[in-house]
Amino acid sequence: MLCYQAESPADPDAAWALLARPGRWHEWAPQVRGGWGLGEPEVRRGALGAVRLLGALPVPARIVDVVPNRSWSWRVGPVLMDHRVEPRPGGGCVIAIDLHARAPVEAALR
């Protein structure tokens, strides 16, 4: 598993709105050009749609889990990604993504 995280002074609710709304993904992930059929305005458990990565053809994606205002997970091709927003004591939050895939795929994503 690969884990990437960053601390932010942002309110956790503001970070969640950015992370969980497919229409806003391009604001924090420039490699993601858009997502369709995955929930509106926020991701929805069980939704099946597509995501456009690096301007390429759409790649099928499925939202596999959502914990409102905290985390959501999706499968894109051979990769399962967990996105998390964790409030920090005293304010702000930690924004994290965990990537789960077979070793060769994880190595390529590093």
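Reader: First up, how much accessible surface does the chain have, and what share of it belongs to carbon and sulfur atoms?
Author: The accessible surface is about 6,300 Å², and carbon and sulfur atoms account for 57% of that. Those areas come from the Shrake-Rupley method with a 1.4 Å probe, and for residues only the protein chains shown count as cover. Bear in mind that this is a predicted model, where local features need pLDDT of at least 70, side-chain atom pairs count only at pLDDT 80 or more, and totals for chains, interfaces and linings use all residues. Residues are numbered from 1 along each chain as its sequence is written, and side-chain values use heavy atoms, with hydrogens and water left out.

Reader: Fine. What's the secondary structure, and in which order do the elements run?
Author: The chain has two helices and seven strands, in the order β-α-β-β-β-β-β-β-α from the N terminus. Helices (H or I, at least four residues) and strands (E, at least two) are DSSP runs, numbered from the N terminus. The radius of gyration is 14 Å, close to the 13 Å that the globule rule gives for 110 residues, so the chain is as compact as a globular protein of that length. That radius is taken over C-alpha atoms, and the rule is 2.2 Å times the number of residues to the power 0.38.

Reader: And how many of the residues are buried?
Author: Buried residues are 39% of the 110 in the chain. Buried means under 20% relative accessible area, exposed means over 50%, and partly exposed is in between (1.4 Å probe, protein chains only).

Reader: Switching to aromatics. How many aromatic pairs are there?
Author: The structure holds three. Rings of Phe, Tyr and Trp (its six-membered ring) pair if their centres lie within 6.5 Å; planes under 30 degrees apart are stacked, over 60 edge-to-face, and the rest tilted. One of the pairs is W25 with W72, which is stacked at 5.4 Å centre to centre with 5° between the planes. That pair links distant parts of the chain, 47 residues apart: W25 is in the loop between helix 1 (12-19) and strand 2 (32-36), while W72 is in strand 5 (residues 71-76).

Reader: Are those two buried or exposed?
Author: Both W25 and W72 are buried. W72 also pairs with W74, edge-to-face, at 5.2 Å centre to centre and 65° between the planes. W74 is buried too, and W25, W72 and W74 make up one aromatic cluster.

Reader: OK, cysteine next. Where does C3 lie, and what's it in contact with beyond its neighbours within four places in sequence?
Author: C3 sits in strand 1 (residues 2-8). Beyond those neighbours, C3 is in contact (heavy atoms within 4.5 Å) with R84, I97 and D98.

Reader: How exposed is C3?
Author: C3 is partly exposed, at a relative accessible area of 40%.
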